[in-house]
Amino acid sequence: MSVSSPATRPGSQMRAEMAEQPQVLAALAARWPMLTAQVANLNRSTAPLGVAFLARGSSDHAALLGRYAVELQTGLPTCLIAPSLATAYGNDPTGFDSWLLVALSQSGRTPEIVDLARRHAAAGARVVAVTNDPDSDLADASHLTIALNAGAELAVPATKTVTAQMLAVLAIASGLGLGGLTTSQVEVLPEAVAGVLGDTEAPARAAQVLAAHDRLAVVGRGACYPAALEGALKLQETTGLMAHGFSTADFRHGPIAVCGPDSPGLLLAGSGPADADTLDLRAALAQRGAPVLLAGTAPEADLSWPATGNLLECLLATVRGQQLALATSEALGVDPDRPAGLAKVTLTR
């Protein structure tokens, strides 16, 4: 039996790009004072009336983290833009004069994101682009561009650009006023991510549980909610499993019924004030006979990450989700670099 070389091993591209995350995040952390100052300068003459986020796919999960950060730290009203209101229903944006619009696209080429960024700028919004390509159409449509500088990302599942986007939106929130993350808090993130990536045995064990089933729920709250949505997406696109991400609170209102002996629950619970609610789900899932995997900061976690006590735990939970998707795809004999029917850039309108 022939053995694949590391270069041709299924998932080698995804694995390599995941491994670059500490370096990418360290470079962003080094720019933290500059990034927050740029956001502050953009809004120096007039404070924004609110902050809107525009994104699709994994970028939408980073946007959700940004929404949490802005609301927690500034109290400003926030929203997630529904692109279809303009692209399908023909409505032009109104009421966004003096708002800040944060438009996220890893490629900077998603047509609807570029189109809506231009329309909101024309409606009076100040537009910040978060993209891996500083020369993209999205950057051209914006007043300020935060370039991720993550390097080329070739695997279909986005990894290093997602966590870079998450750190970028936290920088935007921190640039809007007091209460944001400090440089010293952010500087510890790359080492924490490297530590998580160094543990491959725990994801391999957990993957054996998921590979034995064809559906699961990924549940989290607070900082872990965007990571739950992103983790479910990574499992969907790399393995084809029917994985769904839920808010812990929403999960209790009916979706918990999907879990049972044939449908595991993957719980993400860090050290934040909302995470105790997720930990409490273990008893309810046990009563339903559902296999439970716990990822988080609790001593008994199946997949652990270090406690930071802030929104940076979303990135650590996201990396754990990437590892689990990669390990599960390996257990199922699927190549996550080239999922069937998917392309790297999705040109939705």
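Two residues are in contact when heavy atoms of theirs lie within 4.5 Å. In this predicted model, and with neighbours within four places in sequence left aside, G66 is in contact with F53 and V169. G66 belongs to helix α4, and a relative accessible area of 0% places G66 among the buried residues, because buried means under 20%. As for distance along the chain and through space, G66 and V258 stand 192 residues apart in sequence, while their C-alpha atoms are 29 Å apart.

The helix that holds G66 can be followed as a whole: α4 covers residues 58–74, and its 17 residues reach 24 Å from the first C-alpha to the last, close to the 24 Å expected at 1.5 Å a residue. Besides G66, the buried residues of α4 include S58, H61, L64, L65, V70 and Q73. The buried residues of this helix pack against the strands β1 (51–54), β2 (78–80) and β3 (100–104), and also against the helices α8 (160–174), α12 (224–239) and α16. After α4 comes G75, which has a positive phi near 80°.

At least two lining residues each are supplied by α1 (12–19), α11 (201–211) and α16 (313–332). Sorted by class, the lining of the second largest pocket consists of 8 nonpolar, 2 polar and 3 charged residues.

Notes:
Residues are numbered from 1 along each chain as its sequence is written. This is a predicted model: local features need pLDDT of at least 70, side-chain atom pairs count only at pLDDT 80 or more; totals for chains, interfaces and linings use all residues. Side-chain values use heavy atoms; hydrogens and water are left out. Helices (H or I, at least four residues) and strands (E, at least two) are DSSP runs, numbered from the N terminus. Ala, Val, Leu, Ile, Met, Phe, Trp, Tyr, Cys and Pro count as nonpolar, Asp, Glu, Lys and Arg as charged, and the others, Gly among them, as polar. The expected span of a helix is 1.5 Å times one less than its number of residues. Buried means under 20% relative accessible area, exposed over 50%, partly exposed in between (1.4 Å probe, protein chains only).
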